[in-house]
Amino acid sequence: MKRNGSLLLLAFIIAAAPLFVIRDSEFAGADGKAEEAVQTIAPQYKPWVQAIFEPPGGEVETLLFSVQAAIGAGIIGYIIGVYKGRSSRRDEVK
Amino acid sequence: MKRFIVLSLCFFIYFMFATPPFTYAMHIMEGFLPVKWAVFWWLVFLPFFILGVRSLLRITKEKPELKLLIALAGAFSFVLSALKIPSVTGSSSHPTGVGLGALLFGPMTMTVMGSVVLLFQALLLAHGGLTTLGANAVSMAVVGPMAAYGVYRFGIRITANKRLVVFAAAALSNLATYVVTSFQLALAFPDATGGIIASFFKFAGIFAVTQIPLAITEGLLTVVVWNFLSTYSRDELEQLRSMKGV
């Protein structure tokens, strides 16, 4: 348990370091690059379907991604809280 | 208590930085697999999905008290696949979060969870797609959990350091997902001169370097949650151990 703090710190450093090391980049998604690679290998290939719904603009997309993360984080927090409460209650009984 | 504050602060900072407004991330985009490959991967995926549903139903029927833990595993994958994290290549990608659930419940259960996450992202975020869902599910929801489970099983036999095994399992499951994605793209788009192999290295080259730091991050975050569980929910972990062949 004690190590969790340092594990999170390490994860944070790994995620944040590229922002300082690489200056002139927008950190676009790697699948966008894969799309480009498809276009160079098979220039004649045309995607045959479009996404049914595409978030109109970056802001809405960010919102949806945050909602996804928030839902997940909320559930995780709740469940760990339940487990923690249960185990500390048991310690009291003992 | 103090530890808790530090922890929440770390999480807060982590999430502040980890969700910048990047456009795309991983997975094969909608329409980017030719029809025959899209159908092929759907057919590969469906049997695994059915097995996954069966395993999920079995667990919830035999041990209803484990539902909470299943929800936790699903939520973990939900959070992690929403986090697009910048990487050393100047592009960004995201963890998959399917490793944790696979370690707890076996690889099949996470097939269902991973597919739900992919469906959410395909429908609402135009990230991945419905035609490519079969292929993306095979890489993230079938092979990813299997890799995690395999590494875990193998790892606990050779070392007593369980955290290290959990870390390796989660990190390698992340990498395995993207190796499969590259392979799927290479099969569908073989290089004109070098064929499938040359094409594979081209796609794998794009994903691999980006993916390595992310795999490490995924491993670390999985160990964090694992630590919580092994401190506060020993009962559930015991019950899981007593269930054979999950």
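Which residue of chain A does D235(B) form a salt bridge with? The partner is R90(A), and the closest N and O atoms of the pair are 3.1 Å apart. The legends below take this contact and several other places in turn.

This is a predicted model, in which local features need pLDDT of at least 70, side-chain atom pairs count only at pLDDT 80 or more, and totals for chains, interfaces and linings use all residues. Residues are numbered from 1 along each chain as its sequence is written, chains are lettered from A and ligands numbered from 1 in the order in which they are written, and side-chain values use heavy atoms, with hydrogens and water left out.

**View 1. The two chains and their elements.** Chain A has 3 helices and 1 strand, arranged from the N terminus on as α-β-α-α. Helices (H or I, at least four residues) and strands (E, at least two) are DSSP runs, numbered from the N terminus. Chain B holds 9 helices and 2 strands, and its pattern along the sequence reads α-α-α-β-β-α-α-α-α-α-α. Of the 94 residues in chain A, 35% are buried, while for the 246 residues in chain B the figure is 59%. Here buried means under 20% relative accessible area, exposed over 50%, and partly exposed in between, using a 1.4 Å probe and protein chains only. Within chain B, take the contacts (heavy atoms within 4.5 Å) with a separation of 6 or more: 76% of them come from residues 24 or more positions apart.

**View 2. The contact between chain A and chain B.** Here 62 residues from chain A meet 77 residues from chain B. The buried area is about 6,400 Å², with carbon and sulfur atoms giving 74% of it; this is the accessible area (1.4 Å probe) that two parts lose on being put together, summed over both. The interface has 3 salt bridges, each a side-chain nitrogen of Lys or Arg within 4 Å of a carboxyl oxygen of Asp or Glu. There are also 9 residue pairs in polar contact, both residues at pLDDT 80 or more. A polar contact is a pair of N or O atoms within 3.5 Å; within protein, one must be able to donate a hydrogen and the other to accept it, and residues adjacent in sequence count only if both atoms are side-chain atoms.

**View 3. The side of chain A that touches chain B.** In this polar-contact setting, the count of 9 residue pairs in polar contact between chain A and chain B belongs to a surface to which α1 (4-21), β1 (28-29), α2 (30-41) and α3 (57-93) of chain A each supply at least two residues. The most comes from α3(A), with 20 residues. By type, this side of chain A divides into 39 nonpolar, 12 polar and 11 charged residues. Ala, Val, Leu, Ile, Met, Phe, Trp, Tyr, Cys and Pro count as nonpolar, Asp, Glu, Lys and Arg as charged, and the others, Gly among them, as polar.

View 4. An unreviewed UniProt entry lists residues 63-83 of chain A as a "transmembrane region". That span is 100% helix and 0% strand, and its end C-alpha atoms lie 30 Å apart. For chain B, the unreviewed UniProt entry lists several such regions, including residues 35-56 and 164-188. UniProt positions are given in the numbering used here, feature names are shortened, and annotations may be inferred rather than shown by experiment. Residues 35-56 of chain B are 100% helix and 0% strand, with end C-alpha atoms 31 Å apart. Residues 164-188 of chain B are likewise 100% helix and 0% strand, and there the end C-alpha atoms are 36 Å apart.

View 5. Helix α4 (residues 98-105) of chain B is mostly covered, with 8 of its 8 residues buried; among them are V98(B), L100(B) and F105(B). Just after α4(B), G106(B) takes a positive phi of about 90 degrees. A126(B), in the loop between α5 (107-124) and α6 (133-158) of chain B, has a positive phi of about 50 degrees although it is not a glycine. A126(B) is buried, at a relative accessible area of 9%.

View 6. S199(B) sits in helix α8 (residues 195-232) of chain B and is buried, with a relative accessible area of 0%. Leaving aside neighbours within four places in sequence, S199(B) is in contact with I41(A), A186(B), F189(B), P190(B) and D191(B). M243(B) lies in the segment after α9 (234-242) of chain B and counts as buried at 7% relative accessibility. Not counting residues up to four places away in sequence, M243(B) touches R58(B), I59(B), E62(B), K63(B) and L66(B). M243(B) and E62(B) are 181 residues apart along the chain, with their C-alpha atoms separated by 9.0 Å.
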